[in-house]
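Welcome to this guided tour. Please open the structure in your viewer and keep the sequence beside it. We will begin with the whole chain and then zoom in on one residue.

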Amino acid sequence: MSCSKCYCMAASMMVVLRFGAFVLLVIFIINDVKPAIRGLYMRRTTCTVLTSSFSSDTVSCECPGEMRRGCRSSFPCLKINVTFVGRHRQNLTGVLVDNQKNMGYRGDQLCSTRPCNKYRYHNVNRVEDFQRSVGQTGQTFSCYFDPGDQTEVFRQVLDANVWAIFHYLFWPSFAMVFSCGCGCFLLGKVNFEEIQTMDQRFR
């Protein structure tokens with residue numbers, strides 16, 4: 001195999017790497033960076049459970065990491081309504097959500113926790129454990145709220161720091177820039193070899 005063919009294969013691998021890094025960057029931004037940024041603005045308060053009940057319908061979901069296999073599961077929708085002291089020291093009510101990564105759902109899809117194991121009974125057990133842990137009427141515990149949207153209250157805040165956001169954005173971006181640079185270098189080597197080969201033929 002000639003050097004130019006090796007360079008072309010390596011350049012093709014760099015294209016695949018660049019595409020993979022781009023996909024990973026998009027996934028990180030949607031699933032991790034956006035919730036992490038929102039977590040930076042969370043304020044701590046105290047929640048008191050008002051009601052804790054299951055809706056009549058189950059919620060369907062796609063199993064994380066197994067979407068290619070068409071894995072679908074479901075979980076019972078638990079809604080824990082709490083009262084808390086929000087912005088401007090107002091007494092407010094909202095739905096408790098386990099963390100800010102499960103934010104943004106509305107209506108029948110708004111549930112306090114969203115486990116999605118491929119085995120439904122695991123999801124049922126996790127939801128029931130969550131209810132036993134923080135869903136007892138009158139129970140008080142620390143929680144977090146977003147001053148810009150006080151309809152949801154969060155039991156805990158995940159990855160809400162600048163370093164986590166930096167790593168989510170830096171490494172895929174670095175892989176994209178690195179693969180782009182290596183690809184350009186390898187294609188340049190291929191062109192250089194082709195020019196040399198043509199010069200030798202005309203001599």
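Of the contacts in the chain with a separation of 6 or more, what percentage is accounted for by residues 24 or more positions apart? The figure is 75%. Keep in mind as you look around that this is a predicted model.

**Stop 1: the whole chain.** Switch to a cartoon view and colour by secondary structure. Follow the chain along its sequence and the pattern reads α-β-β-β-α-β-β-α.

**Stop 2: the surface.** Of the 203 residues in the chain, 35% are buried.

**Stop 3: strand β2.** Next, select residues 72-85, which form strand β2, and pick out Thr 83 within this strand.

**Stop 4: around Thr 83.** Show the side chains here. Beyond its neighbours within four places in sequence, Thr 83 is in contact with Thr 46, Cys 47, Thr 48 and Leu 50, and also with Leu 92 and Thr 93. Zoom in on Leu 92: its backbone oxygen is 3.2 Å from a polar atom in the side chain of Thr 83.

**Stop 5: one last distance.** Finally, select the C-alpha atoms of Thr 83 and Gly 94. These two residues are eleven residues apart along the chain, and their C-alpha atoms are separated by 6.5 Å.

Terms used
Residues numbered from 1 in each chain as written. Predicted model: local features only at pLDDT ≥ 70, side-chain atom pairs only at ≥ 80, totals over all residues. Heavy atoms only, no water. Helix = DSSP H or I, 4+ residues; strand = E, 2+ residues; numbered from the N terminus. Buried < 20%, exposed > 50% of the residue type's maximum accessible area, 1.4 Å probe, protein only. Contact = heavy atoms within 4.5 Å. Polar contact = N/O pair within 3.5 Å; in protein donor to acceptor, adjacent residues only side chain to side chain.
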